[in-house]
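Take a look at the chain below.

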Amino acid sequence: MSPKSYRTKEVVTGAVVALMFLLSLPAWSISSESSRMNLLIQQLKDEHWQGRRDAAVAMGQSQPARKAEIGALAEALKDQDSRVRRAAAEALGKAGAKGKGAVPALIAALGDPDAPTRQSAAKALGCIAPKGRVAVSALARMVEDADPHVRESAAVALGEFQANRRVAI
(Lines give C-alpha, C1' and ligand atoms only; values in the text may rest on other atoms or scores of the structure.)
Protein backbone atom coordinates (compact mmCIF):
# COMPACT_ATOMS: atom_id res chain seq x y z
CA MET A 1 0.00 0.00 0.00
CA SER A 2 1.35 3.39 -0.92
CA PRO A 3 1.86 6.06 1.76
CA LYS A 4 -0.83 8.20 0.11
CA SER A 5 -3.50 5.46 0.15
CA TYR A 6 -2.52 4.52 3.71
CA ARG A 7 -3.07 8.14 4.78
CA THR A 8 -6.47 8.23 3.01
CA LYS A 9 -7.51 5.04 4.77
CA GLU A 10 -6.39 6.52 8.09
CA VAL A 11 -8.43 9.71 7.55
CA VAL A 12 -11.55 7.78 6.49
CA THR A 13 -11.26 5.47 9.50
CA GLY A 14 -10.90 8.47 11.80
CA ALA A 15 -13.95 10.12 10.24
CA VAL A 16 -16.01 6.94 10.65
CA VAL A 17 -14.99 6.63 14.31
CA ALA A 18 -15.83 10.30 14.92
CA LEU A 19 -19.23 9.89 13.21
CA MET A 20 -20.00 6.81 15.30
CA PHE A 21 -19.10 8.75 18.43
CA LEU A 22 -21.33 11.66 17.47
CA LEU A 23 -24.24 9.34 16.68
CA SER A 24 -23.89 7.72 20.08
CA LEU A 25 -24.00 11.00 22.03
CA PRO A 26 -27.78 11.34 22.49
CA ALA A 27 -28.09 7.86 23.99
CA TRP A 28 -25.01 8.48 26.13
CA SER A 29 -26.42 11.79 27.37
CA ILE A 30 -29.71 10.19 28.37
CA SER A 31 -28.07 7.42 30.34
CA SER A 32 -25.68 9.94 31.86
CA GLU A 33 -28.58 12.13 33.01
CA SER A 34 -30.35 9.08 34.41
CA SER A 35 -27.21 8.10 36.33
CA ARG A 36 -26.84 11.65 37.59
CA MET A 37 -30.42 11.71 38.84
CA ASN A 38 -29.92 8.34 40.58
CA LEU A 39 -26.92 9.80 42.39
CA LEU A 40 -28.96 12.84 43.40
CA ILE A 41 -31.73 10.60 44.74
CA GLN A 42 -29.11 8.92 46.94
CA GLN A 43 -27.76 12.33 47.95
CA LEU A 44 -31.22 13.26 49.27
CA LYS A 45 -30.42 10.83 52.10
CA ASP A 46 -27.13 12.48 53.03
CA GLU A 47 -26.49 13.00 56.73
CA HIS A 48 -25.86 16.74 56.24
CA TRP A 49 -28.73 19.07 55.41
CA GLN A 50 -26.58 21.01 52.91
CA GLY A 51 -26.02 17.86 50.82
CA ARG A 52 -29.72 17.01 50.87
CA ARG A 53 -30.71 20.57 49.97
CA ASP A 54 -28.13 20.75 47.18
CA ALA A 55 -29.43 17.47 45.76
CA ALA A 56 -33.01 18.78 45.70
CA VAL A 57 -31.87 22.02 44.05
CA ALA A 58 -29.90 20.11 41.41
CA MET A 59 -32.87 17.84 40.72
CA GLY A 60 -35.03 20.90 40.19
CA GLN A 61 -32.57 22.34 37.72
CA SER A 62 -32.80 19.10 35.74
CA GLN A 63 -36.62 19.14 35.84
CA PRO A 64 -37.40 15.79 37.47
CA ALA A 65 -39.70 13.59 35.42
CA ARG A 66 -39.29 9.96 36.43
CA LYS A 67 -41.50 8.43 39.10
CA ALA A 68 -38.45 7.66 41.27
CA GLU A 69 -37.31 11.30 41.19
CA ILE A 70 -40.76 12.65 42.00
CA GLY A 71 -41.14 10.12 44.80
CA ALA A 72 -37.76 10.97 46.31
CA LEU A 73 -38.56 14.67 46.26
CA ALA A 74 -42.00 14.03 47.77
CA GLU A 75 -40.30 12.09 50.56
CA ALA A 76 -37.87 15.00 51.06
CA LEU A 77 -40.88 17.21 51.88
CA LYS A 78 -40.81 15.40 55.26
CA ASP A 79 -37.13 16.18 55.92
CA GLN A 80 -36.18 17.43 59.38
CA ASP A 81 -34.65 20.59 57.89
CA SER A 82 -36.93 23.26 56.44
CA ARG A 83 -34.35 24.29 53.84
CA VAL A 84 -34.42 20.78 52.38
CA ARG A 85 -38.24 20.70 52.43
CA ARG A 86 -38.38 24.07 50.68
CA ALA A 87 -35.89 23.00 47.99
CA ALA A 88 -37.84 19.78 47.42
CA ALA A 89 -41.10 21.70 46.96
CA GLU A 90 -39.42 24.09 44.51
CA ALA A 91 -37.97 21.16 42.53
CA LEU A 92 -41.39 19.52 42.34
CA GLY A 93 -42.85 22.74 41.00
CA LYS A 94 -40.26 22.73 38.23
CA ALA A 95 -41.44 19.25 37.23
CA GLY A 96 -44.75 20.77 36.16
CA ALA A 97 -47.53 18.31 35.31
CA LYS A 98 -45.05 15.43 35.63
CA GLY A 99 -45.03 16.08 39.37
CA LYS A 100 -48.69 15.13 39.85
CA GLY A 101 -47.67 12.06 41.87
CA ALA A 102 -46.40 14.41 44.59
CA VAL A 103 -49.67 16.33 44.99
CA PRO A 104 -50.69 14.59 48.26
CA ALA A 105 -47.25 15.31 49.76
CA LEU A 106 -47.41 18.94 48.59
CA ILE A 107 -50.87 19.35 50.10
CA ALA A 108 -49.48 18.00 53.37
CA ALA A 109 -46.59 20.47 53.09
CA LEU A 110 -49.12 23.32 53.08
CA GLY A 111 -49.36 22.62 56.80
CA ASP A 112 -45.59 22.91 57.37
CA PRO A 113 -44.57 25.05 60.37
CA ASP A 114 -42.08 26.92 58.12
CA ALA A 115 -43.80 29.68 56.13
CA PRO A 116 -41.32 29.65 53.18
CA THR A 117 -41.90 25.89 52.83
CA ARG A 118 -45.67 26.45 52.77
CA GLN A 119 -45.13 29.16 50.17
CA SER A 120 -43.00 26.85 48.00
CA ALA A 121 -45.57 24.06 48.29
CA ALA A 122 -48.36 26.42 47.20
CA LYS A 123 -46.31 27.59 44.22
CA ALA A 124 -45.51 24.00 43.27
CA LEU A 125 -49.19 23.05 43.32
CA GLY A 126 -49.90 25.98 41.01
CA CYS A 127 -47.19 24.80 38.60
CA ILE A 128 -48.45 21.22 38.62
CA ALA A 129 -52.12 22.33 38.55
CA PRO A 130 -53.56 18.86 39.09
CA LYS A 131 -57.17 18.07 38.31
CA GLY A 132 -59.44 17.85 41.30
CA ARG A 133 -60.86 19.85 44.11
CA VAL A 134 -58.62 18.53 46.90
CA ALA A 135 -55.70 20.76 45.91
CA VAL A 136 -58.02 23.71 45.31
CA SER A 137 -59.60 23.30 48.75
CA ALA A 138 -56.19 23.11 50.41
CA LEU A 139 -54.96 26.20 48.56
CA ALA A 140 -58.17 28.09 49.33
CA ARG A 141 -57.50 27.52 53.04
CA MET A 142 -53.98 28.89 52.56
CA VAL A 143 -55.38 32.24 51.38
CA GLU A 144 -56.11 32.76 55.10
CA ASP A 145 -52.52 31.94 56.19
CA ALA A 146 -50.85 34.23 58.73
CA ASP A 147 -47.90 34.82 56.38
CA PRO A 148 -48.59 37.29 53.54
CA HIS A 149 -46.18 35.52 51.17
CA VAL A 150 -48.00 32.23 51.66
CA ARG A 151 -51.35 33.96 51.04
CA GLU A 152 -50.02 35.50 47.84
CA SER A 153 -48.56 32.21 46.57
CA ALA A 154 -51.82 30.40 47.31
CA ALA A 155 -53.81 33.02 45.41
CA VAL A 156 -51.44 32.83 42.44
CA ALA A 157 -51.65 29.02 42.46
CA LEU A 158 -55.45 29.18 42.50
CA GLY A 159 -55.22 31.52 39.52
CA GLU A 160 -53.13 28.89 37.71
CA PHE A 161 -55.90 26.35 38.24
CA GLN A 162 -58.43 28.77 36.78
CA ALA A 163 -56.13 29.72 33.88
CA ASN A 164 -55.63 26.05 33.04
CA ARG A 165 -59.38 25.49 33.32
CA ARG A 166 -58.72 22.52 35.57
CA VAL A 167 -61.35 23.46 38.12
CA ALA A 168 -63.92 26.22 38.42
CA ILE A 169 -63.06 28.36 41.42
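The accessible surface of this chain comes to about 9,900 Å². Carbon and sulfur atoms account for 59% of that surface. Keep in mind that the model is predicted.

Of the 169 residues, 40% count as buried. The chain has 8 helices and 0 strands. Contacts also reach along the sequence: among those between residues at least 6 apart, 59% join residues at least 24 apart.

Now go inside. The largest nonpolar core has 44 residues. Leu44, Leu73, Leu77, Leu106, Leu110, Leu125 and Leu139 have the most contacts inside this core. In soluble globular proteins, nonpolar side chains tend to be buried together.

Take Leu106 as an example. Beyond its neighbours within four places in sequence, Leu106 is in contact with Leu77, Ala89, Leu92, Ala121, Ala124, Leu125 and Ile128.

Finally, look at one helix pair. H2 (residues 49–61) and H4 (residues 82–94) pack at an angle of about 10°, with their axes 8 Å apart. Angles under 35 degrees count as roughly parallel, so H2 is roughly parallel to H4. On the H2 side, the contact includes Trp49, Arg52 and Ala56. On the H4 side, it includes Arg83, Ala87 and Lys94. The residues of this contact divide into 7 nonpolar, 1 polar and 4 charged.

Terms used: Residues are numbered from 1 along each chain as its sequence is written. This is a predicted model: local features need pLDDT of at least 70, side-chain atom pairs count only at pLDDT 80 or more; totals for chains, interfaces and linings use all residues. Side-chain values use heavy atoms; hydrogens and water are left out. Axes are lines fitted to C-alpha atoms, for helices over the stretch in contact, and angles run from 0 to 180 degrees between N-to-C directions. Helices (H or I, at least four residues) and strands (E, at least two) are DSSP runs, numbered from the N terminus. Angles under 35 degrees count as roughly parallel, over 145 as roughly antiparallel, 65 to 115 as roughly perpendicular and the rest as oblique. Contact means heavy atoms within 4.5 Å. Ala, Val, Leu, Ile, Met, Phe, Trp, Tyr, Cys and Pro count as nonpolar, Asp, Glu, Lys and Arg as charged, and the others, Gly among them, as polar. Buried means under 20% relative accessible area, exposed over 50%, partly exposed in between (1.4 Å probe, protein chains only). Accessible areas come from the Shrake-Rupley method with a 1.4 Å probe; for residues, only the protein chains shown count as cover. A nonpolar core is a set of buried Ala, Val, Leu, Ile, Met, Phe, Trp, Tyr and Cys residues joined through side-chain atoms within 4.5 Å.
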